[in-house]
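These are my notebook entries on a single chain, set down in the order in which I looked things up.

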Amino acid sequence: MATLAGAPSRGQPLAKSVASALPWYVAAALVAATSAKVGVIWDISWHRSIGRDTFWTPAHMAIYLGGVLAGLACGWLVLRTTFAGTPEDRAATVRFWGFRGPLGAWVCIWGALAMICSAPFDNWWHNAYGLDVKVLSPPHVLLALGIWAIQLGALFLVLSMQNQRAPEHGSRLYGVLAAYTTAILLQNVSTIGIEQIGFANLAHNALYYQVAAGGVPLLLVASGRGIRLRWPATTAGACYIAFSLVMIWILQLAPATPKLAPVFNPVTHLIPPPFPLLLIVPSVAIDLAMRRVGRNHDWLLSLLLGIAFLATFAAVQWFFAEFLLGPHARNYFFGVDQWDYSSRLGPWRYRFWRAETNPVTPAALAIAALIAVASARIALWWGNWMARLRR
């Protein structure tokens, strides 16, 4: 790895100090992770508003730009480290097929290859079978794995930079970037679980809390253990909400006309993603619990974290979902009550779905609590590894 600059002096411009402290290939990996996630959200909005008219949509180009950018930047890093790296550079790498590079670079390269292979596969799939009945078709699964790999690779690169520096010498920049990358991974949880936790209409059934308990603490608790910030989980949760809001506000500005029949709801602009989960409150609870218990009682801590997450998440989402289904949320800021062009609009959009067939009961909440505790325990193991990652 390249030798990092020291902490910026008081008179040094912020942009210059950031540029000197952050290697370009790490910045490229972060841009790639962002581009891929923006493209995925944009693509879902495109399908909901316009339909699949061609492979060469701007949303698809944003997705595959992320793969190409990450692959080229990390491929260059591996070649440079292998053939022109110093002994110190090579010592902080992982060897694979005779080549050397940081773990994050290898993960990004694999993700880039998976994404590039998924492009012709997806085009052939649509030509052979038509529109996807489910989101997770085989080419989409390959694409999703590649996107996850690029985002995890970017996170690993940032964490290795963070852990190579002493806490008092400028690791805060990398902590903020790691929290931001964690927020992108939280976006993936929302995207994959859109049919279970995506819409406010789902917030009064048991599966909503069980799915959230499995996916969200895994990332928030790991960030709380592995990222060097005073409020790491809170920062990640805040970045997740901010990312979502920016996408909601921008997509609504783009005009769109459906191009695939049948059209039951003639939309005029891109349909934004659902309003994000209010993870800021559970994130604060996680940070406070981790600060209170410390690092020497992880089994007890995982129990406390799981219960704290579920209690705060359920209390917030239960009542906030009622607000999102009400008339005061139907505006540009919240972006709710906007449905696909193929939807037959009716009173169902202001009701809770599956609340009678899958109700929230004490037994269902107990299952969700057990899932949250297990997720928190796995996250603590993962967070410990994140805190030690230097290659």
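In which helix is Ala-368 found? I found Ala-368 in helix H13, and I note at the outset that I am reading a predicted model.

**Entry: Ala-368.** I looked up the accessibility of this residue, and Ala-368 is buried, because its relative accessible area is 0% and the cut-off for buried is under 20%. I then looked for its surroundings beyond four places in sequence, and Ala-368 touches Tyr-209, Gln-210, Ala-213 and Leu-310. For a C-alpha distance I took the pair Ala-368 and Ala-212, which are 156 residues apart in sequence and 8.5 Å apart in space.

**Entry: H9 against H13.** H9, covering 206–226, packs with H13 at an angle of about 20°, and the two axes are 7 Å apart. Angles under 35 degrees count as roughly parallel, and H9 and H13 are therefore roughly parallel to each other. I noted the hand of the crossing of H9 and H13 as right-handed. Sorted by class, the residues of the contact of H9 with H13 come to 20 nonpolar, seven polar and one charged.

**Entry: Asn-205.** I next turned to the loop between helix H8 (194–198) and helix H9, where Asn-205 lies. Is Asn-205 buried or exposed? Asn-205 counts as buried, because its relative accessibility is 0%. I checked what its side chain reaches, and found a polar atom of the side chain of Asn-205 lying 2.7 Å from the backbone oxygen of Leu-202, while the side chain of Asn-205 also reaches the backbone nitrogen of Tyr-208, at 3.2 Å. Setting aside residues up to four places away in sequence, I listed Trp-353, Arg-354, Ala-355, Asn-358 and Val-360 as the residues that Asn-205 touches.

**Entry: H6 against H13.** I came back to H13 for its packing with helix H6, residues 138–164, and read an angle of about 55° with the axes 8 Å apart. H6 and H13 are therefore oblique to each other. From H6 the contact takes Leu-152, Phe-156, Leu-159 and Asn-163, and from H13 it takes Trp-382, Trp-385, Met-386, Ala-387 and Arg-388. By class, I recorded seven nonpolar residues, one polar and one charged in the contact of H6 with H13.

**Entry: Pro-232 and the H10–H11 pair.** I looked up Pro-232 and placed it in helix H10, which runs over 232–251. Pro-232 is buried, because its relative accessible area is 4%. Leaving out neighbours within four places in sequence, I found Pro-232 in contact with Ala-179, Ser-223, Gly-224, Ile-227 and Asp-287. The C-alpha atoms of Pro-232 and Tyr-180 are separated by 9.9 Å, and these two residues are 52 residues apart along the chain.

How do H10 and H11 lie to each other, and at what angle do their axes cross? The axes of H10 and H11 come within 7 Å and cross at roughly 170°, and since angles over 145 degrees count as roughly antiparallel, H10 and H11 are described in that way. I recorded the classes in the contact of H10 with H11 as seven nonpolar, three polar and one charged.

**Entry: backbone geometry in loops.** Which peptide bond is cis, with omega near 5°? I noted the bond from Ala-261 to Pro-262, and Pro-262 lies in the loop between helix H10 and helix H11 (280–293).

I then looked at positive phi values in residues other than glycine. Trp-97 has phi near 55° and sits in the loop between strand E1 (94–96) and strand E2 (99–101). Trp-97 is exposed, because its relative accessible area is 75% and the cut-off for exposed is over 50%. Asp-337 is not a glycine either, and has a positive phi of about 60°.

Note on methods. Residues numbered from 1 in each chain as written. Predicted model: local features only at pLDDT ≥ 70, side-chain atom pairs only at ≥ 80, totals over all residues. Heavy atoms only, no water. Helix = DSSP H or I, 4+ residues; strand = E, 2+ residues; numbered from the N terminus. Buried < 20%, exposed > 50% of the residue type's maximum accessible area, 1.4 Å probe, protein only. Polar contact = N/O pair within 3.5 Å; in protein donor to acceptor, adjacent residues only side chain to side chain. Contact = heavy atoms within 4.5 Å. Axes fitted to C-alpha atoms, helices over the stretch in contact; angles between N-to-C directions. Parallel < 35°, antiparallel > 145°, perpendicular 65-115°, else oblique. Left-handed = near helix turned anticlockwise from the far one by under 90°. Nonpolar A, V, L, I, M, F, W, Y, C, P; charged D, E, K, R; others polar.
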